[in-house]
Every structure is written in structure tokens, then in C-alpha cells.
Amino acid sequence: KPVVDPNGDGLWSAPPSNAAALDAANRCIARQGGTGELYGRRAYIHRLMGNYSLADADATRRIENARSGSAYRSSAIIRQNAGRHEQAIADFRESLRLGYDRPAWVHREIAESLRQLERFSEALAAVDTSVALDPAYDVALYERGLIFFEQERWDEAIGAFTRYFALNGSNAQAYVYRSTSFVRLERWNEALADAERAIQINPRSANGFNNRGYALHNLGRYG
């Protein structure tokens, strides 16, 4: 939950809901005046609530208070969530220029926006930079799998998700993606194994059940 200090006394707490957090943040700003930190916190709450125009306005106010890598990255994430990927990429790059201390994260986030724009070669270059900076950053490996998957490069998607599973084996959707890649290659036993793993992790995985049924059908296991 977002942490706010509604009374301005240095005692920060986690409100029970986003609405309560927003109310507390508004009271903080009314009591203390707008600071970069408070605008950033309220922008985060607005983003969680899907209020992207309000979140963007507060993120801009935060940048006006203090230009920093963190402020630009927060602005970029809001714009990415709102589907404004070109602007998000520009903000992510400014975040890197200003020395944001987790560059692997930012390069991965740039890759995500580039993928959404179907600029796959650039997306792959960005995610490769992320992996080079932090080989243990599993989210970058997952993003690489998505880039290959969306291009229907099934063998490369399988390889990317396999590397991802070496770091994180608890993502049901990743198993669905690899299962689907196996389906596309008609590798039914492997597709079935991944579909069953997805269902084990998330018993409500509709695509996991769909892939399992499709694999069983093609294996002639009708009962």
C-alpha cells in the first residue's frame, strides 16, 4: 500500500485502501504544501487507481520540483501504463541520462514499450542491455521471451522462457507462453507438461486448460 503522512508529523502509515491513501495524500499536500516527494506519492496512488491523467500531472509537478532519474522513471511508468509509449521511452531515457541507479530495470521497461510499438529489433537490443547489466534480473528474461513470442519465433521464445524459469519457476503465464510455443511446433508432450505446470501454479488459468486440452487431443488421449 502507498505510505503517506497525513498529519505531517513524520509518522507514516499504510492506509487500508487506495481511496484512503489518496485522501491522506491530499491532506498531506494541503497541510505541508506540494513537495516533490508528496507529488510523487500521490502520482503513484493515482496510477494504482487508473487515474492516469491525474497521475501524469502529479509526476510532472514532481519533476518540476526536482529533476531526477527516479522522477523521470515514475513519469515514464505512468505514461507506459496509459499506452503513451513514445513519451514513456523519452522519459525512461532521460531517467538513464540522469543516472537512475537501476539501469537494468529501465532498459527492460524501454524494451516493453518498444515491444508494444512492435519495434521488435529495438526492443530486443534494449532487453539484451538489461540482461547484460544484470544477468539475474528475471523480468528481463521474461520480456525477452515475450518479444520472441509476439514475433512467432517459437524456438527462441522457448529458449528465453527456459532461461527465465531457471530464475523464477512460479509464473503460470510464462508456462502458458512456453506451452503455446510448443503447441505451435506440435511438440505435444512438452506443451502438455507446461500446461499442467501452469494449472498447478494457477488453477484458474483458462489458457493453461485450453493448451492442456489441445495437447491431449493431439496425443489421442480423449478420455
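Modeller: Start with one term: buried means under 20% relative accessible area, exposed means over 50%, and partly exposed lies in between (1.4 Å probe, protein chains only). This is a predicted model, in which local features need pLDDT of at least 70 and side-chain atom pairs pLDDT 80 or more, while totals for chains, interfaces and linings use all residues. Residues are numbered from 1 along each chain as its sequence is written, and side-chain values use heavy atoms, leaving out hydrogens and water.

First, the setting. The protein has 12 helices and zero strands (DSSP runs numbered from the N terminus: helices are H or I, at least four residues; strands are E, at least two). The C-alpha trace spans about 70 × 35 × 25 Å along its principal axes. Of the 223 residues, 46% are buried. Of the contacts (heavy atoms within 4.5 Å) with a separation of 6 or more, 44% join residues 24 or more positions apart.

Now the part: helix α3, residues 52-65.

Alanine 55 sits in helix α3. Its relative accessibility is 0%, so it counts as buried. Beyond its neighbours within four places in sequence, alanine 55 contacts Ala43, His46, Arg47 and Ile78. Leucine 22 is 33 residues from alanine 55 in sequence, and their C-alpha atoms are 11 Å apart.

Aspartate 56 is in helix α3 too. Aspartate 56 counts as buried because its relative accessibility is 12%. Residues up to four places away aside, aspartate 56 touches Ser75, Ile78, Arg79 and Arg84.

Arginine 62 is buried but has no salt bridge (a side-chain nitrogen of Lys or Arg within 4 Å of a carboxyl oxygen of Asp or Glu). The nearest side chain of opposite charge is glutamate 37, 8.6 Å away (Lys and Arg count as positive, Asp and Glu as negative; His and the chain ends are not counted). What arginine 62 does have is a side-chain polar contact with the side chain of serine 70, at 3.1 Å. A polar contact is a pair of N or O atoms within 3.5 Å; within protein, one must be able to donate a hydrogen and the other to accept it, and residues adjacent in sequence count only if both atoms are side-chain atoms. Not counting residues up to four places away, arginine 62 touches Gly36, Tyr39, Gly40, Ser70, Ala71 and Ser74.

With a relative accessible area of 37%, tyrosine 44 is partly exposed.

Arginine 62 lacks a salt bridge, but the whole structure has 21 of them. Glutamate 112 pairs with arginine 108, their closest N and O atoms 2.6 Å apart. Both lie in helix α6 (residues 103-116), four residues apart, about one turn of the helix. Arginine 108 is at 11% relative accessibility, so it counts as buried. Glutamate 190 and arginine 187 form another salt bridge, at 2.8 Å, N to O. Glutamate 190 is partly exposed, at 34%. Arginine 187 is partly exposed, at 30%. Elsewhere, shared partners link Arg108, Glu112, Arg115, Glu143 and Glu150 into one salt-bridge network.
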